[in-house]
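Please walk me through this structure, one part at a time. I have not seen it before.

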Amino acid sequence: MATQGTLTLDAGGRIVAAGDWTLASAAALGRRVDEIKRRGGKGAVDASGISRLDTAGAEFLLDLAGDAREGITGLDDARRALIEAVAKAQSSATAKPPPRTPGIVLLVARTGRAVETIWDDAVALVGFIGLMLATLVRVLPNPRRWRVTSLFFHIEQTGLDAVPIVALLSFLVGAVVAFLGATVLRDFGASVFTVELVGYSFLREFGVLLTAILIAGRSGSAFTAQLGSMKSREEIDAIRTLGMDPVEVLVLPRALALLLSMPLLTFIAMIAGIFGGALVCIFSLDISPGMFLQRFHDTAQARHFWVGMSKAPLFAFLIAAIGCLEGFKVSGSAESVGEHTTSSVVQSIFVVIMIDALAAIFFMKLDL
Amino acid sequence: MSERETIIEVRGLRNQFGAQVVHENLDLDVYKGEILGVVGGSGSGKSVLLRSIIGLNRPAAGSVKLFGREVTELSDAERSALEQRCGVLFQNGALFSSLTVAENVMVPLREHHDLPLALMQRLAALKIALAGLPADAGAKYPSQLSGGMIKRAALARSLALDPDVLFLDEPTAGLDPIGAAAFDALILTLRESLGLTVFLITHDLDTLYTICDRVAVLADKRVLIADSLDKVERFDEPWVREYFQGPRGRAAEHAAAVSGERSAVSGKSAPMP
């Protein structure tokens with residue numbers, strides 16, 4: 001039943017519109033209107049042949065008629081009302097397009113904004129860490145204000161619940177490191193050094209680094225999402241108006257929980273990684289379990305363990321601080337929660353790896 | 001009134017979520033060109049009814065006919081064609097937050113019609129103006145708009161394809177009285193100029209009294225009565241009595257009577273801020 005809208009200029013110079021003047025034929029009508037207008041047709045329009053009319057069609061009719069919309073003839077009352085409504089809307093719809101900025105200016109502006117954001121984030125993080133420490137000092141001597149329930153809840157969430165994934169991944173990485181080591185060292189007839197390789201790397205670096213990266217992705221992001229959704233639902237403001245301190249109520253339990261669970265998780269990661277390496281040694285290098293233990297006992301030193309372990313609380317604190325701070329930065333929408341959760345994970349992993357690299361140089365210079 | 005064309009016909013509708021029955025044997029007709037107000041207590045299934053009619057919710061039993069076609073028995077292409085004749089304004093606007101208002105309005109145009117960009121922009125600007133928004137609102141993102149402007153922007157998007165039926169889910173909820181009254185007036189103007197049929201869910205008694213031609217009361221899992229307001233008001237049922245004869249109902253009726261007299265004097269008026 002749908003017929004294409006048509007527009008013709010008859011011999012007497014009269015513009016005749018017919019058919020369906022609707023969105024469906026808008027593309028063709030738009031071209032015809034421009035054509036007729038170019039040929040000087042403007043003004044009186046005979047619209048009596050139109051079978052259906054919608055706002056798009058009305059827009060074209062008005063375009064043809066120019067300022068003289070009385071020139072459109074052959075309309076019933078309903079269509080006249082439609083034309084009037086569209087004309088009224090058009091008069092207020094004269095939007096001027098925003099001025100275009102050249103691409104190079106946008107590039108420079110964006111770079112500048114990014115640099116400024118990095119600086120602002122760094123300043124905010126240092127400020128927030130200071131705030132956390134100050135609050136901690138204020139709360140510590142006052143056992144009544146320790147949030148023990150919350151603390152244990154978060155230890156369960158960030159520590160206990162993370163054990164399987166941390167152990168499994170460390171085990172796998174341990175096995176991979178042993179394989180790599182074995183392949184290279186075998187050529188020198190030194191495959192027994194695989195034991196040292198696995199031991200050193202997991203005690204000093206991989207145990208704590210793997211744990212920190214996993215926790216940043218798992219718990220740091222959770223902190224941001226939790227605090228962020230509370231912020232967007234004004235729960236944080238509610239906490240403040242009830243005379244409580246959000247840092248004390250929300251941030252400290254999370255930070256302390258991470259501070260306690262991270263060293264434990266790191267220990268589990270070290271054991272699991274070395275176990276993974278040991279299995280590879282036993283099954284593919286002909287090193288017996290007894291020999292592995294003997295070799296490990298002879299070569300591994302407690303200082304390697306302490307070097308690795310000393311980094312765990314530091315990473316834990318930074319991950320918690322970044323996660324909570326990003327949560328507080330959320331504004332309003334759910335979209336913002338997602339944005340800041342991403343930012344929180346990226347920042348914490350970046351900070352963890354950077355600090356780890358600095359620590360490696362530091363401990364090397366100390367001959368540890 | 002003489003024989004009227006039925007746009008929406010619901011018969012024996014049954015909706016059920018788990019053990020909870022929301023609708024049971026629900027009948028409802030919506031006629032061409034009218035504004036039907038749907039009222040009911042919280043949880044009486046007003047939004048579920050709307051979702052059943054537009055096909056977002058598959059009913060457990062019963063028939064829903066839209067423009068004479070059974071909604072549940074359509075092929076995908078037919079469904080899409082039918083949906084293009086319906087405009088829906090969701091309760092919170094449901095604007096796409098990553099797009100500007102003008103881009104939001106252009107989404108259905110882009111999807112269903114092959115139009116040059118300049119023409120789409122012209123049509124989008126027109127819809128935005130029809131919805132009573134200032135011209136510069138088109139370039140803004142939903143997060144930059146106030147509650148009332150979001151509703152208007154969402155209305156502009158629902159008008160994008162020039163629908164025959166407009167479904168509004170609590171359009172005035174969360175608006176201040178001035179904004180709500182202006183929105184009511186806007187719906188009335190659009191109905192008159194675009195010849196729309198409007199299915200309107202509302203809690204707003206002022207809206208009922210000022211713009212609705214008929215009112216359907218949803219209670220006891222079905223439509224108790226769907227008729228003109230004065231008949232619904234006199235309907236003898238405790239919930240209906242309490243709804244319309246309560247202090248708010250009486251105040252709204254009084255206000256509508258006063259403004260009705262006023263607009264009768266000043267002629268047709270459509271205040272827009």
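A crossing of two helices counts as left-handed if the near helix is turned anticlockwise from the far one by less than a right angle, and as right-handed if the turn is clockwise. The model shown here is predicted. In chain A, the crossing of α6(A) and α9(A) is right-handed.

Two packed helices are described by the angle between their axes and the distance between the axes. Helix α6 of chain A covers residues 163-186 and helix α9 of chain A covers residues 246-284; they pack at an angle of about 40°, and their axes are 7 Å apart. The contact of α6(A) with α9(A) has 20 nonpolar and six polar residues, and no charged ones.

Chain B holds an open sheet of six strands, in the order β6-β7-β8-β3-β9-β10, with mixed pairing. The edges are taken by β6 (86-89) and β10 (222-227) of chain B; each has a single partner strand, so one side of each is left without a neighbour in the sheet. On average, neighbouring strands of this sheet are turned by 15° against each other, direction ignored. At one end of the order, β9 (residues 214-219) of chain B pairs with β10(B) in the antiparallel sense over five bridges. Here B:Ala219 stands opposite B:Arg222 in β10(B).

The two chains also meet. Their contact takes 25 residues from chain B and 25 residues from chain A. On the side of chain B that touches chain A, α4 (117-130) and α6 (177-194) of chain B are the elements that give two or more residues. The most come from α4(B), with eight residues. By class, this side of chain B has 13 nonpolar, seven polar and five charged residues.

Note on methods: Residues numbered from 1 in each chain as written. Chains lettered and ligands numbered in written order. Predicted model: local features only at pLDDT ≥ 70, side-chain atom pairs only at ≥ 80, totals over all residues. Pairing = 2+ DSSP bridges. Helix = DSSP H or I, 4+ residues; strand = E, 2+ residues; numbered from the N terminus. Axes fitted to C-alpha atoms, helices over the stretch in contact; angles between N-to-C directions. Contact = placed C-beta atoms within 7 Å. Nonpolar A, V, L, I, M, F, W, Y, C, P; charged D, E, K, R; others polar.
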